Amino acid sequence: MLSCAAVTRINENYQKLKAGYLFPEIGRRVREYAKANPDAKVIRLGIGDVTEPLVPSIVRAMHEAVDEMARRDSFKGYGPEQGYDFLIDAIREHDYASRGVSLDRDEIFVSDGSKCDVGNVQEIFANDAKILVTDPVYPVYVDSNLMAGREIAYLEATAANGFVPAPPSGGGIDVAYLCSPNNPTGAVATKAQLAQWIAWARATGAVIIFDAAYEAYIRDPDLPRSIYEIDGAREVAIEVRSFSKRAGFTGVRCAFMVVPKALGPLNAMWSRRHTTKFNGASYIVQRGAAAVYSPDGLVETRAQIDFYLENARILREGLAKSGFTIFGGVHAPYLWLETPGRQPSWDFFDQLLSKAHLVGTPGAGFGPSGEGYFRLSAYNSRANVEEAVARIAKL
Ligand code: MLT
């Protein structure tokens, strides 16, 4: 008798994926190393995962929300799938109106994380839509489209173009993913650069998915934090934002996506998708996210981001002293460095782990143009960051 597995028609597109997702693969290698070397004090600057606890105003708001859930008169069941108005209005006011962008409530979709949003958004495009990513790239854009069987074109982001490539000269692309501040390179697009992309999208009919998960790390007021700061963007761009790196929510989970109604059917389609497949982020979490925008929350979360930016500065300057060529790490939590002699990035990963007990992310994990580069994240304690710099200096 045939087993079920033998007759099931599976999604063959999964065969096109690398065997494992990048960060679990790094985790596996580090666990193996730590098991074999139990005395090694491993410092992790690999996955960009926050290390600082939630700030007091967020903790207070979440405690209060738990208390509300504990009383019959204020208990809440399912909330609005799209998010509570108290959070959506805070987002509209602080993230957008403050920068001259007016959004309606029904253009913002609160979710439980940007990884899900950027992974899921491809569902509203045609099965044979042609995808463009800049390379190196956050692997979720690529893998989620490979799973759906789409073709992907790569646009090289190199030191020569400041890791912010210009749009391609022609059309033929349906959806382009941009990320600024960039993961992994830390490069930030200027208004003029984004304006070029908007003009290209408007001329060719492409839609831009703009991943702004790291916008809170931008300290230069002239750099755009939202793509909607650029004229004409709302007809061609979807924007993804997250509380993960902005307020330490990697374990709490809350994000949102903006799908302007000016994008035509896409707003209603995303709403249909969201309400069908998602039952809303938790009330307690959304209360915590809204507290980010309270007067105390704004001050406290800014100080937390300053802390990570200072880590980035210490890494940047320390590694430069040790002779590394470094990019990023200024308005971003990621540093992008050339491996010594542009050696293969997984070899450098193994060397750094065995000789300095340091974990980073091999550039090759972010795409072909990442080979010869290495990403370090600024998310760790000050003591560990200083120790990491000292260990690298001794290499
Ligand atoms: C990263 O390290 O690239 C990010 O933390 C991954 C993520 O946000 O999913």
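Q: How many salt bridges does a search of the whole structure find?
A: The search finds 27 salt bridges. A salt bridge here is a side-chain nitrogen of Lys or Arg within 4 Å of a carboxyl oxygen of Asp or Glu.

Q: What kind of model is this, and how are residues numbered?
A: This is a predicted model, in which local features need pLDDT of at least 70, side-chain atom pairs count only at pLDDT 80 or more, and totals for chains, interfaces and linings use all residues. Residues are numbered from 1 along each chain as its sequence is written, and side-chain values use heavy atoms, with hydrogens and water left out.

Q: OK, which residue does D89 pair with?
A: D89 forms a salt bridge with R105, and their closest N and O atoms are 2.6 Å apart. The pair links distant parts of the chain, 16 residues apart: D89 is in helix α4 (residues 85-96), and R105 is in the loop between α4 and β2 (108-111). Helices (H or I, at least four residues) and strands (E, at least two) are DSSP runs, numbered from the N terminus.

Q: And what about D104, where is its partner?
A: D104 meets K261 in a salt bridge, 2.9 Å from N to O. D104 sits in the loop between α4 and β2, while K261 is in the loop between β8 (255-258) and α9 (265-277), 157 residues apart.

Q: Back up to E68: buried or exposed?
A: E68 counts as buried, because its relative accessibility is 19%. Buried means under 20% relative accessible area, exposed means over 50%, and partly exposed is in between (1.4 Å probe, protein chains only). E68 forms a salt bridge with K76, with the closest N and O atoms 3.6 Å apart. K76 is at 26%, so it counts as partly exposed.

Q: Switching topic: which residues surround the ligand?
A: They are F23, I47, G48, Y138, N183, Y214, K245, Y334 and R375. A residue is near a molecule or strand if one of its heavy atoms lies within 4 Å of it.

Q: What classes are in that shell?
A: The shell has five nonpolar, two polar and two charged residues. Ala, Val, Leu, Ile, Met, Phe, Trp, Tyr, Cys and Pro count as nonpolar, Asp, Glu, Lys and Arg as charged, and the others, Gly among them, as polar.

Q: Where does G48 come in?
A: A backbone N or O atom of G48 lies 2.6 Å from an oxygen atom of the ligand. For N183, an N or O atom in the side chain is 2.8 Å from a ligand oxygen.

Terms used:
A polar contact is a pair of N or O atoms within 3.5 Å; within protein, one must be able to donate a hydrogen and the other to accept it, and residues adjacent in sequence count only if both atoms are side-chain atoms.
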